[in-house]
Amino acid sequence: MRLTRRTTLALAAGAASGGFAQARGAAPTSPLRLWYRQPAQEWVEALPVGSGRMGAMVFGGVAAERLQLNEDTLWAGGPYDPANPEALKALPEIRALIDAGDYAKATEIADARFMATPKRQMAYQTIGDLKLTFPGLDGQPTDYVRELDLDGAIATTRFKVGGTGYTRQVIGSYPDRVIAVRLSADRGRAITVDLAFDSPLKSKPVSSIEGRDTLVLAGANDTQQGIAAQLRFECRVRVLNKGGTLTAREGVLSVAGADEVVLLIAAATSYRRFDDVGGDPTATNRAVLAQASTKRWQALLATHQADHRALFRRVSVDFGTTTAALKPTDERIKVSQTTDDPALAALYYQYGRYLLIACSRPGGQAANLQGIWNDQTSPPWGGKYTININTEMNYWPAEPTGLAECVKPLIEMVRDLSVTGARTAKVMYNARGWVTHHNTDLWRASGPIDGAKFGVWPTGGAWLCKHLWDHYDYNRDRAYLADVYPLMRGAALFFLDALVVDPKSGKLVTNPSISPENSHGHGSSLVAGPTMDQAIIRDLFTACIKAAAILGTDADFSAELATARDKLAPYKIGKDGQLQEWQEDWDADATDIHHRHVSHLYGVFPSDQIAVDTTPKLADAAKVSLNTRGDISTGWAIAWRLNLWSRLGDGDRAHKILSLLLGPERTYPNMFDAHPPFQIDGNFGGTSGMTEMILQSRNDQILLLPALPSAWPTGRLTGLRARGAVGVDVTWTRGKLEAAVFTAAADGRHHVRYGGSVIDLDIKKGQRVRLTARDGQLRRA
């Protein structure tokens, strides 16, 4: 049943006070907690914390605790240049074969002569585990609760053994650059623990003791794909104990009879930049721990939580609450397909924001396929940056949900790729500007990898540039735009050189390319001018033209882009009424008509080239394509479908797809997205899709409740951001808009739409405007 507003407020009060309800142990009452009645047995049951650069998975064991650790620059290999000089010679032949329709032969030649060397990129790697063993805690625990507080960004395990209550807390502090652990109990001298490292790296890192209180794991990364290991890394733990005794033996630090133990964990590699591995991880870690060690636990916690909450609390969400919200998180996920639990969707929403804050902060690396959390030395797909959808999806919720700062690592990755991609453009295409294909890694490799059917796709960098423009469009910082415009310009310059004329239509197309990662059924996936490429390049050229106008520069270049943009192949509607994925009407011929990628629908989302109110025929064709593809797919692909149906204005269909995403087949017990296996992009895509149901910022307008599902009749979503540097709070009752509050961070004019009602707002920086909707008509309150 739906809970009353009074009950909902009581739950919220529990969150603020940290209170617990007494139900089968100490069950947390906060709607912003993941919680469980048992320790994690599998990695996808453990709870993630992150400092932006370091990540830890907390298992919540009793007699033995496992903290699986990551550092965001610990990748295999070292600096390398994969550009293949043979590619340029092969390019004319590949293009001619594609024009002649011999796609299989074109693929054969591309595989032999056009791919990067090596044909695989480097993998993101784990440090390993810090293992905590607690002698004497072999008894059966009672009152066990394991939880992750999203608002406080702290993982806590509580239980009793032998009448003593134990509490273990873990945080990932961005300000202090450590993972910090506090072990405490409700009686004195109760903490006894042994600490040791365990690492699966082939380089066999070595544990040692430094001084009397520091455990050190030092070693190197792994060699992969013939690229020699060139990184040194180190992880060290400093033990700060109150009372008790601290002793050391080979690779093990032991504390006995302490009142409290705080562990400060720092990790670093010798990575400085994609072409510089001359750093000193030991000096870095010593400096970090020296600073953090000056603070007591409460000061560390306060600094960390103030930093986290400054970002996290920008947005609040309420889709309604039922009694299902009182159950442990894993139980809620298990029965989500047959239970009315709108608060689970709200928890998933905020979990996505929590994860982005924890894994993508200024100064660190961009979120990869697993964010920063990975327990393997060669994870699925290398844990890399897959930039034909997955990396971009990671950042879909950043701007609209108030996390613009979290985009900065992605911007810096694009800056790096503009350097490595310039060599790839010259060597492989004899083109100006820069290019990167469907994957990259820590070393910013930019060539086509894996195989022609997957990797010969030159628009990865162009898609990344959309995030550069969006960061400006949401925040309107002219100095920032001037800084990134050369990156966007370089990406566009490549296509001015690399686009070719399609002999059949006379239009400008990419050749060779693919529609990721789908075979068109005519001998390969290799093709000229797939719909997605044309759409991405259209967005890139348009963004460059707009940016140049704002900056008052590059008029001749803008004119050249505008001319080329007009010659790009347009969208086409096929014989079955579908939006064509390729220039030819081949959608029904595809090897898998239910393919997980829906690349040709990029124009619907994340772009706004196709919309129900601006291009209704194309929007209808997109719906036909989506219906053919089906709703059920891998986790991230379901999340993309969620965003698409939201953009197409079908809230109930979007909610049905969201329910699939939240089910146990696509959401692990710890709420990580299941591809399967784990990929974090589905989490971020889910947060984005729910935002699109409530607020859309597209086609120079702000849409209120454009895809509100009937399952959420009453609710609120506050702290959102719209293009034009404006904040938006939305509340609704009985399926109707109650109010929308706009707060301007810059002067601007905003075209606001609710259903068929439209109002234009001229707002000055710092001004707040409240709109209501009486009889469906927007008006100022």
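**Note on helix faces, cores and salt bridges**

1. The model discussed here is a predicted one. The buried residues of α14 are Phe 557, Ser 558, Leu 561 and Ala 564. Seen down the helix axis, these fall within an arc of 125°, so they line one face of α14. Residues three or four places apart in an α-helix point the same way, because there are 3.6 residues a turn. The buried residues of α14 pack against α12 (478–498), β23 (508–509) and α13.

2. The length of α14 (residues 555–566) also agrees with expectation: at 1.5 Å a residue, its 12 residues should span 16 Å, and the end C-alpha atoms are 17 Å apart.

3. Helix α13 (residues 531–551) contains Arg 538. This arginine is buried yet has no salt bridge; Asp 539, the nearest side chain of opposite charge, is 7.2 Å away. Beyond its neighbours within four places in sequence, Arg 538 is in contact with Arg 565, Leu 568, Ala 569, Pro 570, Tyr 571 and Gln 609.

4. In helix α3 (residues 103–113), the residues Tyr 103, Ala 106, Thr 107, Ile 109 and Ala 110 are buried. They cover an arc of only 165° around the axis, which puts them on the same side of α3. Their cover includes α2 (86–100) and α10 (452–455).

5. The largest nonpolar core has 238 residues, and those with the most contacts inside it are Trp 640, Leu 704 and Phe 742. Apart from this core lies another, of 13 residues, among them Val 178, Ala 180, Leu 264 and Ala 292.

6. The whole structure has 46 salt bridges. One of them joins the side chains of Glu 405 and Arg 314 (2.7 Å, N to O). This pair links distant parts of the chain, 91 residues apart: Glu 405 is in the loop between α8 (390–394) and α9 (408–429), and Arg 314 is in the loop between α5 (297–312) and β19 (316–318). Glu 405 is partly exposed, at 26% relative accessible area, and Arg 314 is partly exposed at 35%.

7. Arg 444 and Asp 416 also meet in a salt bridge (3.2 Å, N to O). Arg 444 lies in the loop between β21 (439–440) and α10 and Asp 416 in helix α9, so the pair ties together parts 28 residues apart in sequence. Both partners count as buried, Arg 444 at 2% relative accessibility and Asp 416 at 13%.

8. A network of salt bridges links Lys 466, Asp 470, Asp 473, Arg 476 and Arg 723. Within this group, Asp 473 and Arg 476 meet at 2.9 Å, N to O.

Technical notes. Residues are numbered from 1 along each chain as its sequence is written. This is a predicted model: local features need pLDDT of at least 70, side-chain atom pairs count only at pLDDT 80 or more; totals for chains, interfaces and linings use all residues. Side-chain values use heavy atoms; hydrogens and water are left out. Helices (H or I, at least four residues) and strands (E, at least two) are DSSP runs, numbered from the N terminus. Buried means under 20% relative accessible area, exposed over 50%, partly exposed in between (1.4 Å probe, protein chains only). Lys and Arg count as positive and Asp and Glu as negative; His and the chain ends are not counted. A salt bridge is a side-chain nitrogen of Lys or Arg within 4 Å of a carboxyl oxygen of Asp or Glu. Contact means heavy atoms within 4.5 Å. The expected span of a helix is 1.5 Å times one less than its number of residues. The arc is that of the directions from the helix axis to the C-beta atoms. A nonpolar core is a set of buried Ala, Val, Leu, Ile, Met, Phe, Trp, Tyr and Cys residues joined through side-chain atoms within 4.5 Å.
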